[in-house]
Structures are given as C-alpha cells and as structure tokens.
Amino acid sequence: MRVGFFQYAVVWRDRDANLSYIESKILNEKFDLLVLPELFTSGYAYNDRKELLPFGEDLSNSPTIKFFTQLMQRCGGYITGSIPELYDGKLYNSSILVGRDGLVASYRKIHVTDYEKRAFTAGNEPIWGQCGDAKVGLTICFDAWFAPLSSLLRNQGAAIICNSANFGGEVTPTIIPIRALENQCFYINCNRVGTEFFEGEEEAYRGESQIVSPDGKVIAKADNKESLRIIDIDLAEVNHPAFGSFITKDFVTEHNKYRVEM
C-alpha cells in the first residue's frame, strides 16, 4: 500500500489557494492514502469563533469534499486532513477522509485544547474509514496524547492511524512512535510548517511529519521544510511487528485483556 503525507505552509484564510496548491503538488502522484495537516483550508490562528465561521463547511455540501472527490478520481487514492465543520450552529475541528466516490468518513476532534475552545466544540466518537483493504483511524493533533483513543481505533481493526496536526513543540513527535508500537499498527502524522501570528506574536510550526511502522520504527520523516513523502508499506506487518514477534506472536490476545471505553 502506498501511503504518505504532504506537509506545507498552510495559506492563512484562503481555502481556494490551499486547495489549488495541494492539487499542484500531488496531481501527478499515485498513492493509496495521503495525509494533510490540521485545518489546512483556514490556518490555525484565530482570536474568536467569528473569524472561522466563513470557513465552516456543511459536510453534506462541502466545497473541499467536492474538490477532493474530483482530485482523487485522478490520483486514484484517498486523502485526509482536518477542516472547520459547521453543523447545527457549532464548529468542529473535523478530519475528512475522501476517495473517488466522495466522503468515506469524518471525525470530530475529541481532545480540544484550551485555545481551540474559543471556537470549537469537542467531538465524542472514535471514527475509522475503509480505504481499500485497510481500515484507517482518524485523529487530530492533541488526540495523539491520549492512548485510549488510539487503542479504541486499534480494537476496531484500524491498520493505519492518520493524525493531522499543527504543533510547534517537541512532545508530539516523540509520542507518535509509542502509539504505533503499543498498537502494532502504522501511524502517519502530518504536521504543517511555516508561521502564524498568535495575538501579535509570530510562532513557528516544526513540521517533522512521520510515518511509523508497527514496530515503532520511523520509516519516513520530514524536516522543517515543505515535504511530500510517499512510500510503500506492508499491511501484513500489522499485529505482527518483526521486533515484537520476539516477545509474543499473539498481540491480539494481549490487547483483548483490556476493555477500553469512552
């Protein structure tokens, strides 16, 4: 399975510019699954909810989903990343998973930071979508800090967990390999690069997007510049990591000793 990420400097407050830029970079690529950053249509920085309302999309009539549906008909795979979703008067930070036939799944970020609470309502349901032969779990940035969410997705059969992110700190990149190892699944984290202004102060995003194997091994990693990486992975490694097999060949039974609930 060919999977990857595209980390780039999201254009602040310009959905059309972001979609056009993504298209220009991936149009000639072939992949099964590609992960984009968090809030790739709007940017992350805002002062209040009103600033993001113009970018809130009804997923039943979403210009971004329509755009990606047509793009995936040409690229042949699936694409995911998070956008502001407007539903019943509430804004959600929502990952969309889109293929050639349209929206496959959508997930509302459960673990919303204090900053994000200025605009976003938290979701409450783990979500996965089917991408060909693989179940793909969806998480967003801060979600990766909470082991039970990844475990719930793994127990639902997710072979790959996709995490769209916007972070500048050092912690999240160290967590991703642990989540992959403890769940014996692939993990794709896509973080943006560039800068944005928060209350007049310029802050930088660190990039460092990565693809991690079920052994917790980083098999592709970017630096702090724009990067499109697409690699081949073997889904047969899920639940059968080479290193872990020295310890036990039956991780599933070990996981089933616990019941993880929300």
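Here is a short walk through this structure, from its strands to its cores and its surface. The model is predicted, so local features need pLDDT of at least 70 and side-chain atom pairs count only at pLDDT 80 or more, while totals for chains, interfaces and linings use all residues. Residues are numbered from 1 along each chain as its sequence is written, and side-chain values use heavy atoms, with hydrogens and water left out.

Nine of the 10 residues in strand 4 are buried, where buried means under 20% relative accessible area, exposed over 50% and partly exposed in between, with a 1.4 Å probe and protein chains only. Strand 4 runs antiparallel to strand 3 (residues 78-87), joined by nine bridges; two strands pair if DSSP finds at least two bridges between them. Ser 82 has Ser 95 of strand 4 as its bridge partner. Two residues lie between the strands of this hairpin, where Asp 88 takes a positive phi near 55°. Strand 4 also pairs with strand 5 (residues 102-108), again antiparallel, over six bridges. These two strands form a hairpin with two residues between them, and Gly 99 is partnered by Gly 102 of strand 5.

The largest nonpolar core has 30 residues, and Val 3, Leu 33, Ile 160 and Ile 188 have the most contacts inside it. Such a core is a set of buried Ala, Val, Leu, Ile, Met, Phe, Trp, Tyr and Cys residues joined through side-chain atoms within 4.5 Å. Among the elements giving two or more residues to this core are strand 1 (2-7), strand 8 (160-165) and strand 9 (186-191), but the largest share, four residues, comes from strand 7. A second, separate core of 21 residues includes Tyr 8, Ile 65, Ile 83 and Ile 96.

Helix 4 (residues 147-155) holds Leu 153. Leu 153 counts as buried because its relative accessible area is 0%. Beyond residues up to four places away in sequence, Leu 153 touches several others, including Trp 128, Leu 138 and Ile 161; contact means heavy atoms within 4.5 Å.

Ile 247 counts as exposed because its relative accessibility is 64%.
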